[in-house]
Amino acid sequence: MRRRQAARSPPEGLAKTPTGIGGIDQITGGGLPRGRPTLVCGTAGCGKTLFAMEFLVRGARQFDEPGAFIAFEETADELRDNVRSLGFDLDHMVRSKQLIVDHVRVERSEIEETGEYNLDGLFIRIAHAIETVKARRVVLDTIEALFSGFSDDAILRAELRRLFGWLKDRAVTAVITGERGDRHLTRRGLEEYVSDCVILLDQRIHDQVSTRRLRIVKYRGTAHGTNEYPFLIDEQGMSVLPITSLGLEHAVSDELISTGVPALDAMFGGKGFYRGTSVLVSGSAGSGKTSLAAHFAGATCRRGERCLFFAYEESEAQIVRNMRSIGLELQPWIDKGLLQIHAARPSSHGLEMHLVAIHKLVRKLHPQAIVMDPISNLIAVGTLSETNATLVRLIDLFKASGITAMFTSLSTLTAGAEQSEVGVSSLIDSWLLVRDLEQNGERSRTLVILKSRGMNHSNQVREFLLTSSGIELRDVYLGAHGALTGSARLGQEARDREDEAIRREAAMLAQSNLAVRRQAVEAQIADLQNQLHAIAVDLESTTGKRRRREQRVGGDRRAMSVSRHAPRPNGTRSGK
Amino acid sequence: MANKPTRPRTAKPRSPEYQLRLYVAGQSARSIAAVSNLKRICDAHLGGRYAIEVVDLLEHPHLAKADDILALPTLVRRLPAPIRKIVGDLSNVDRVLLGLDVVKLDGARG
């Protein structure tokens, strides 16, 4: 009956009863099988009873399905006290007939057995409880206690089989809890009788940090998440993760948002990275990862958006102070409620707790951006692969919620930085590497974009400066001896400036020489023109004199010819 | 509260030493067997010092809680204290007497 086709839409044939417990309905595709028993097993103290109780309480409150809790281990009073801390008021629910709690005491010492018997008494009690509140949901917690009350296993097993069949006939959705056994899921092999849905709860200790997990061992007739999901019990009950999409179906945005460092925006093609992407900043100790992250947080708040800052190394006050020293004021954003810094040691609780805590905050605050500084510290809590899985879920969550996330990660100097980084690099959309460069007896920081999906980013290594007015990026000096940074770059730049000055001086000198020469030439030209003018004047005067003389000579000749009566000579006027 | 207590003919006016309550479910063969087995044993060994109350849980399901009844039939010795329980159809006389803690008493009386 187990078929894949059930994965997307709940098949018509299999009705489901939503539990209302955070996350369970998502990984089971809608809840527990309606009208059938479900076995919830696990070790002592792993949350079986709570699971069962929350199933009933939420059923009554959210889905208007009254519930009957048949308790074999705890009394009604104990149960009431135990779940009061979770905000479940059993007394009120019992009074309003939403819930009935029936404690069935099983005590071996009081019972003598003689002859045949069956468990009709129990059936009648359960039936009575169901009738009293018209229960749609039933919990038997923990029915294996019966085995300690009766010595005849054969009768008991036959009766249990009959009981589960009977529950099915009554079409109540039942949760049966069972203690985890050595070789079987339960001590008495209850899974034999309950074959529709089996959920296993587990609590593991790794490096003194406990992690609770839940796994759907089987779920007939439906596809379900087969992974182990971490879960948490806190003041709001149980929550299982992830609630994120199991696929890659999140919407993408074309909007670019600022990194908080203008020069870095420029490296990302001018405007920053895409909204809703995940950014990893990795680097060695003291390379400025937190400062970059804080700038990003500041830029988010400047846009009037909310930012959630998870600080795993520094306290809130420390971050605010340190960022002030590089000219970034975070306090106003905190005061406005746009920036929330959650500082906690990673080891304060297990990975699953971190996950759930983050999840809850995300649901509560709906931040547009999240900073986690640094994720590498989470490894202290779990194994590498666990941390990895946690981060995958986190990144899924952030992407599904359209949150731009910046993670920082501390990389050791020995391991190649590109080898990074808790192994999440493939999930990351943009990856900045901040490196310490040791050269000529000093360290300087460099920054390079290793990758940025979907954009034409700069491939250049930039020098990364933390100044009192924020982060600055400088082009590194690319000289004959490779990239220069720090004072080497400064020295080179000074030398360059000197050379430039000399060149400029020489040019100016040449220019002024030319000007002088030009002036000299112009002076010569003026002189020559004066001479020319003088010559012209002389020429003019000489010509005038000759003409006057010729006129004078001509006049004399006419006078002579008049006197001689000589004919007027032709063309005598034209002088030679 | 339940079926009318079935008082044996020999009951004396003052309250009997053994107060027994037998829980059954309906008129099944097992229920009937248990009732008749109990009467026979009591007549033989407790002659006149007992009172039997038969409770049918099908009719009075809420009564199951008071004595924490799971198996049926269940015989509860309400008096003398402490309360003792015997489950089954009471077909084994020795075990019933052991459960009621009357063997010695019976032996002492011959």
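Let me start with the loop of chain A that lies between helix 2 (48-62) and strand 4 (67-71), which is where A:D64 is found; helices here are DSSP runs of H or I with at least four residues, strands are runs of E with at least two, and both are numbered from the N terminus. A word on the basis of all this: the model is predicted, so local features need pLDDT of at least 70 and side-chain atom pairs count only at pLDDT 80 or more, while totals for chains, interfaces and linings use all residues. Residues are numbered from 1 along each chain as its sequence is written, and chains are lettered from A and ligands numbered from 1 in the order in which they are written.

Back to A:D64, then, which has a positive phi of about 60° although it is not a glycine. As a general point, most residues other than glycine have a negative phi, and most peptide bonds are trans. Is A:D64 buried or exposed? With 9 C-beta neighbours inside 10 Å, A:D64 counts as exposed, given that a residue is called buried if 20 or more other C-beta atoms lie within 10 Å of its own, exposed if 12 or fewer, and partly exposed in between, with C-beta atoms placed from the backbone. In chain B, B:D68 also is not a glycine and has a positive phi, of about 50°, but B:D68 is buried, with 20 other C-beta atoms within 10 Å.

B:D68 sits in the loop between strand 2 and strand 3 of chain B, and that loop, between strand 2 (50-56) and strand 3 (74-79), is where B:P73 is found too. The peptide bond that joins B:L72 and B:P73 is cis, with omega about -5°. Chain A has a cis peptide bond from A:D373 to A:P374, with omega near -15°, and A:P374 lies in the loop between strand 18 (369-373) and helix 13 (384-400).

Taking chain B as a whole, we find three helices and four strands, which follow the pattern β-α-β-β-β-α-α along the sequence. Of its 110 residues, 40% are buried, and residues 24 or more positions apart account for 70% of the contacts with a separation of 6 or more, a contact being two residues whose C-beta atoms, placed from the backbone, lie within 7 Å.

Now to the interface, where 23 residues of chain A are in contact with 29 residues of chain B. On the chain A side, strand 6 (111-113) and helix 5 (120-133) each supply at least two residues, and helix 5 gives the most, with seven. Strand 6 of chain A runs parallel to strand 4 (residues 84-87) of chain B, joined to it by three bridges, where pairing requires that DSSP finds at least two bridges between two strands. Within that strand 4 of chain B, B:K85 stands opposite A:I111.

Within chain A, strand 11 (residues 228-234) and strand 12 (residues 237-240) pair in the antiparallel sense over four bridges, forming a hairpin with two residues between them, and A:L232 stands opposite A:S239.

Finally, chain A contains an open sheet of nine strands with mixed pairing, in the order 17-16-18-19-15-20-21-22-23. Its edge strands, each pairing on one side only, are strand 17 (339-343) and strand 23 (470-475). Strand 21 (residues 442-452) and strand 22 (residues 462-467) of chain A run antiparallel and are joined by three bridges, with A:R445 standing opposite A:F464 in strand 22.
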